[in-house]
Amino acid sequence: MSPSLVETYQARTPRSAAMFERAAASLPGGSTRTTIYSAPYPPYMVRGAGLRTWDVDGNEYRDFLGNYTSLILGHAHPEVVAAVEAQVRRGSAFAAPTEAEIELAEVIRARMPSIERIRFTNSGTEATMFALRAARAFTGRSLLAKFELAYHGTHDIAVAWTPGVPKATGDLVLELPWGDPEGVERVLAGRERDLAAIIIEPVQGAGGVRVATPEFLRFLRELTTRIGALLIFDEVIAFRIGPNGAQGRLGGVRPDLTTLGKIIGGGYPSGAFGGREDVMAQFDARRAGALVHGGTFNGNPVSAAAGLATLRHLTPARYAELERLGDRLRTSLGDGMARAGLDARVGGIASIFQVFPGTSLVPPDGMSPQAALFIGLLLDGFHLAPRGMGALSTPGTDADVDELAAAVLARLSAMRAVAAG
Ligand SMILES: Cc1ncc(COP(=O)(O)O)c(C=O)c1O
């Protein structure tokens, strides 16, 4: 009997297995980040350069996840490393502001006119948490609405219906149907005057790289304006789809607030929320009763330097090249699936993509198709998210994309063969 996918993975990753076991003595479940755990254990990485990473066992991967979309220039890009090194030598953080945060704010504002004022955080989670709090404070209303399958991080409102979050908090969060104006109105009916904000990812990440239509975003803009609620675009992931983010691309709808993260830190911890001057003025510490926004590492100059180097490198031509590669990948996957009659599909936009294996595919060993695809691709030397999402980075080439497509198609076909057999 040939070894299973998991057995083959285990045979190739004994050092990762040992590290995972060691980790479990200190970290619950051997992990400190839910989104990077995968059974039986994830590969432990030691190094990354460009598109490539290497794990502790010396296995080489082409990284098509880029730390969940944040490494848009790949690993250890020379311009980012130089900017970070220069800043680290000058000092890593001060109990005082630096010019780096002003420059990053200016670069972001120049790209997103809806961001009249901005504040930096350490993560996308903090960004959405503060944006939602700002909306509540500004409107004097408590109710918030987000979309089915949305992911806005891990604060109480973002995960409103999980254990540990008081029911009272969950009761103040509504779930809206995606892309369905009538459904949205139905959920909000009678509660419009209680609603502080609707938050939406214009391109859902965790929800399966779903892209909102300009018409739907326009509907939300008109609705929120009419009922006196704020519209928040969570562009923590979506900002990477073009120089002006999703809001510059999907119909030009102007949100009241925007949240950012991932690429604005150039691979280092960062996040931001910004938007209308009158809403953001609530954080102006010169005002009586200003909203508190402490944070030992807010506006951290190392992250700001990395983010600035990244955004400066991302010229419109580089975005266009990333999009061309994304289109090439989606086309070859889609064509290949159709040609082979595979129960699978591919989605995405610009440099973000998602592979969806269909339920009729049956991998061996009782694994889910997603899990089998994830481990199978690791064995082929490709790193995607366990749920099938991926992101392109600038070091990727046509050959990298073509070889990924071929590997995905082969892994999916093998599952069908098992199903047929
Ligand atoms: C759309 C979106 N919002 C917020 C977050 C949370 O960001 P972070 O993981 O930096 O807290 C994420 C993370 O993946 C995200 O995809």
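At 33% relative accessibility, Asn67 counts as partly exposed, a class that lies between buried (under 20% relative accessible area) and exposed (over 50%), as calculated with a 1.4 Å probe on protein chains only. Asn67 lies in helix α3, residues 66-69; here helices are DSSP runs of H or I with at least four residues, strands are E runs of at least two, and both are numbered from the N terminus. Although Asn67 is not a glycine, its phi is positive, at about 45 degrees. The model is a predicted one, in which local features need pLDDT of at least 70 and side-chain atom pairs count only at pLDDT 80 or more, while totals for chains, interfaces and linings use all residues. Residues are numbered from 1 along each chain as its sequence is written, and side-chain values use heavy atoms, with hydrogens and water left out.

Most residues other than glycine have a negative phi, and most peptide bonds are trans. The peptide bond from Ala39 to Pro40, in turn, is cis, with omega near 0 degrees. Pro40 sits in the loop that runs between α2 (14-24) and β1 (45-49).

Helix α2 holds Phe20, which is buried with a relative accessible area of 15%. Pro40 is one of the residues that Phe20 touches; the others are Gly29, Gly30, Tyr37, Tyr41, Pro42 and Tyr44, when residues up to four places away in sequence are not counted. Contact here means heavy atoms within 4.5 Å. Phe20 and Pro395 are 375 residues apart along the chain, and their C-alpha atoms are separated by 30 Å.

At the level of the whole protein, an automatic or database domain assignment gives domain 1 (5-72 + 316-420) and domain 2 (79-313). The centres of domain 1 and domain 2, taken over C-alpha atoms, are separated by 28 Å. Across the boundary, 21 residues of domain 1 are in contact with 19 residues of domain 2.

Turning to the interior, a nonpolar core is taken as a set of buried Ala, Val, Leu, Ile, Met, Phe, Trp, Tyr and Cys residues joined through side-chain atoms within 4.5 Å. The largest such core has 65 residues, and Phe64, Ile108, Leu260, Leu311 and Leu412 have the most contacts inside it. Helix α14 (residues 398-420) gives the most to this core, with eight residues. Both domain 1 and domain 2 supply at least three residues each to this core. A second, separate core has 37 residues, including Leu143, Val203, Ile227 and Leu250. In soluble globular proteins, nonpolar side chains tend to be buried together. Leu311 illustrates the packing: beyond four places in sequence, Leu311 touches Leu104, Val107, Ile108, Arg111, Phe239, Ile263 and Ile264.

Ala100 is found in helix α5, residues 99-111. Because its relative accessibility is 10%, Ala100 counts as buried. Ala100 touches Pro301, Ala304 and Leu308, again leaving out residues up to four places away in sequence. Between Ala100 and Asn244 there are 144 residues in sequence and 21 Å in space, C-alpha to C-alpha.

The ligand site brings the account back to Lys262. The residues around the ligand are Ser123, Gly124, Thr125, Tyr151, His152, Gly153, Glu201, Asp234, Val236, Ile237 and Lys262, each with a heavy atom within 4 Å of it. Polar contacts, defined as pairs of N or O atoms within 3.5 Å (within protein, one must be able to donate a hydrogen and the other to accept it, and residues adjacent in sequence count only if both atoms are side-chain atoms), involve several of these residues. A polar side-chain atom of Asp234 lies 2.7 Å from a nitrogen atom of the ligand, and a backbone N or O atom of Tyr151 lies 3.3 Å from a ligand nitrogen atom. In the side chain of Lys262, an N or O atom is 2.8 Å from an oxygen atom of the ligand. The protein covers 82% of the 390 Å² of accessible area that the ligand has on its own, with areas from the Shrake-Rupley method and a 1.4 Å probe; for residues, only the protein chains shown count as cover.

Lys262 is placed in the loop between β9 (257-260) and β10 (271-275), and at 25% relative accessibility it counts as partly exposed. The loop between β9 and β10 also holds Ser270, which is buried at 9% relative accessibility. Ser270 is in contact with residues including Ser123, Gly124 and Lys262.
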